[in-house]
Amino acid sequence: MTTPIETAIAKAVGTATTRVAGWMVQLGLRKISDVRAARQLDEVPTILSNVSDLAVDLTDLERSELLKFVSTPEFGELVYKIATKEILRTHGGNPEKYRSSLEDEFDCLLALHLGSDDAAAIVRSKLFDVCSAAVQEAVKTVCPDDQSGVSATVKASLVKSATLLASESIANSSLIKSVEDIQSIYTFESEIRNAVRSMYGAMRLPHAGTSRRVPYERLFVQPRISLSLQAHQDEEINLDGRSAQDDRNLSSEIAKYGRVVLLGDPGGGKTTGSLKLLHDICAGKVADLPALVAFWVPLKDYAPARQAGSSVVDFIESQCRVPFAVPPPAKAVEYLLFNGRAAVFFDGLDELTDTSDRRQVVQAVEGFADKYPTTSVLVTSRRIGYSEAALDPDKFTACELGSFDDDQIESYARRWFSLDDSVDPARQATIAESFLQDSKFVRDLTSNPLMLSLMCGIYSGEGYIPRNRPDVYEKCSLLLFDKWDGQRGIKSRVSFDAHIQSAIRHIAYHEYTADKKIGIPRSELVSSVQSYLLEKRFDDDIEAEQAAVEFVDFCKGRAWVLTEVGEDIFGFTHRTFLEFFTASHLVRLNPDPSNLLDRLWPHILRSEWDVVCQLALQLLGKTVDDGADNFIDLAVQRITQSEEIDAIAAETALSFCIRSLQFIVPRPQVLDALVSACVDSICEFSTVFSDASPGTSRPDYAIYSIHSVTQENRRLTAKYYWKHVKRRLDTGTDQRALSLALYAGRFSHDSAGPSLDHATREDRVWLDADADHSSMVRDALSTYAREFRWAAAEAVRTGLISPTEALETHGVFMLYDPSIAGDVLIPPLAYTLVRTARNGGWVSQDLVRSVTEFLLEAETPWLKASEETRFMTSHMNRGILRGIKQELARKDLAILLSLPFIEIRSGSRRRSELPDNRRIVQAEHFLRGTRTQADTDERRAVDTQPSNRAVRRYYERWLSGEFDTFRADQEEESTAALDADPL
């Protein structure tokens, strides 16, 4: 029977190994299933057996103190660091200097918590070795000794991480030695947890008719979280076909990866979801994370503090004092950060509207993450513009916040209408049902949580739903002033339209464009409004000042408009309304499309002010005849005619224009010109990126947003799209134009494309256009297949040429190449050959047989290391797992196609360099979809032996090392630069 101490240590070991597995996934050495397997390690008897004699000689009191310690986050962090040391040892690093600093940190913490008597000394002498042995056993199950498969780049990353951890251990040891009263730190922790939990214990709502703050459990709907495209390429698919994308939530992603960037659309719930997690951590409701407290760092507030010389820790300490009124003891915050007791959430990277400011803050956040490498960190940002100042993807894993689906919309709406306790529950349900029916025509709006909340408010008060975002914002503004104030018995002395709305526009613009300020001081606010009123409504300074004071007090009494963000400092409570009124102000100042474009153009090119610019364009279209049309027309002329705009800026501007088609319907000539520019851009400007290897960072091509255009634009957009694709194909060889023709209907779908049977009406516009041009596309594809490898692979898929013909022309790499005309768009042909469903799939037995026969006769090595082969995607791994479970012929092909991947993953170069049986072991693990002997029985049962006699002989020869299918670049193998241990 296990003791509580043994169980606590085993749990810490299992959690640490899970985190290490997540780290390995980031480095590309492990897969998601390894992380899931590690979560079961607290039940592994071999781990428990290592700790059974630890407390034999201790008294009951000493055992109690030891149990308290091994149950703390501090101990969990120590075990995690031991696990990283073990990874260094098994993957070619030198952990000895790291071990020394870690042991010192271990001793300091034990002395702090257990004292320095003889019994404590005995425990200290045993506990580190016990933990090391338990960790070594656990790490074997998910990260076995695999030094031969570690590239120089990954090894450098491992060594750098070890350096950071060693530095943290040294700093923590020094801090611990200076701690005189650990209880004062724990008291502070408890007080700040309570303060945070109290302040962020409810959702703040921007609408009328309900309480402004609502408990999370009454309204919050769990959002969908997904990995970004780059991170998703490292995902694995289980043998039952479920993706690791299933059942994601924010806390689990942070637990898995440690540092996460949460990207989403405006009003998508980034801040709300993060604040809920912050609250839940402080309330002890999050089992995934060891942290007991989470600190909130609004980046728009931190940026000016950083300019004044404050570090992130300085800022957190100041936040503890104000607004939480919990002064931290000296070094308390650092102690919590160093020892796994705190997480840090950086909110609103996008709210730094100046790109250079964002880049500086990004550097500060990355520096913080380096100084506190084991601290859980979350950063939130809007998706648009993030790439202009992105966090290092080697340090931060990007996740995306999905829009609400139909079930989430329904759940939220029903909860929202149930908040009004003055309405009978039956009536609440009726209103909610009516809203859901009436809002179907604006599904794109209701899928956004903020828009959904605002529209519920409008529907509750007015019984109808606006059709676009500016109308929603404007109607909400009127409701919030008139309706909500009326319900509270508040009477304004002036008409909103006549006076207040214009003044609010003015102060919104003033705050939005203020240079690195946290809100607006009251005196500055009064002065700004006074100047505005002198210009617009008064001719006397004293009267204008008095009116300005009254106006500020008027807004101050409405917490949804202005809220106090410091002593006598005010800012807009909801960024949505700040952006709306700023956009409205810009349009009123610049009603001419040319003038407005001049004002917004620099920000459009830098992907700044995106929401403000989109709202301004929509408001211009609403208030000025042909205003939006002329704005887009002028923008397209600048993009296509100016020699001063580089390719990336042009793509950014085109993307802005295409996305505006979600809300405005321009005249046909303008739409034609815009679509033409988009097609030409991706075909011509792509040469700028051709020097970059496939998979490297590129701008978001405007053409990829083309499916998001509103229904009224869809038919003409598809028509003009094909018009200009055909124009380019008719004028000469243009492989990018062919790729646009082949994938016109697939931009917003998975690699298989939408099904005609299940396509929506919007999809069918594109699918019908595809069908109309299919003959032209097939002719072009047949021609291009002779010249371009990717076109040959697509021609095989469509049956235009035989796989043998394509392979003879382009070689075996044609099967593995994931790029389409220079971009990674779809899985390689090898993947689809072994994954396509048996029933109704296009892969015939004859096709499988012909590819198999070609590979058996092909000259080896099939592939040679190059920039291109570096980007053979992990899609192939998924296909292997499916292919080896299908009919025998396809299993044989799957095994053959896996051979280069096994060599790459195992790092094998020549047979003489491998330990005995290494290739056999690696092959078995790869083909079973496992990493170790500890994986599931289902995967052990998979038969990995070829059934065909010729394939089996070929496989046996390969296993013996007679030949390789992949030849590595000798220069790439060298790791001499890493021989000197930087520690």
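A salt bridge here is a side-chain nitrogen of Lys or Arg within 4 Å of a carboxyl oxygen of Asp or Glu. By that criterion, a search of the whole structure returns 34 salt bridges. This is a predicted model, in which local features need pLDDT of at least 70 and side-chain atom pairs count only at pLDDT 80 or more, while totals for chains, interfaces and linings use all residues. Residues are numbered from 1 along each chain as its sequence is written, and side-chain values use heavy atoms, with hydrogens and water left out.

**Stop 1: Glu-608 and Arg-606**

Select Glu-608 and Arg-606, which form a salt bridge with their closest N and O atoms 3.1 Å apart. Glu-608 is buried because its relative accessible area is 4%. Arg-606, at 37%, counts as partly exposed.

**Stop 2: Asp-817 and Arg-789**

Next, select Asp-817 and Arg-789, whose side chains meet in a salt bridge at 2.9 Å, N to O. The pair links distant parts of the chain, 28 residues apart: Asp-817 sits in the loop between helix 38 (813-816) and strand 12 (819-820), and Arg-789 belongs to helix 36 (residues 789-797). Helices (H or I, at least four residues) and strands (E, at least two) are DSSP runs numbered from the N terminus. With a relative accessible area of 12%, Asp-817 is buried; Arg-789 has 22% and is therefore partly exposed.

**Stop 3: helix 40**

Move to helix 40 (residues 845-857), which holds both Arg-849 and Asp-846, 3 residues apart, about one turn of the helix. Arg-849 forms a salt bridge with Asp-846, and the closest N and O atoms are 2.8 Å apart. Why does Asp-846 count as exposed? Its relative accessibility is 56%. Arg-849 is partly exposed, at 43% relative accessible area.

**Stop 4: a network**

Select Asp-680, Arg-727, Arg-728 and Asp-734 together; salt bridges link these residues in a network. Side chains of opposite charge can pair when their charged atoms come close.

**Stop 5: Asp-370**

Finish at Asp-370, found in helix 17 (residues 355-371). Which residues does Asp-370 touch, not counting those up to four places away in sequence? Show Leu-164 and Lys-395; contact means heavy atoms within 4.5 Å. Asp-370 is buried, because its relative accessible area is 19%.

Definitions and conventions. Buried < 20%, exposed > 50% of the residue type's maximum accessible area, 1.4 Å probe, protein only.
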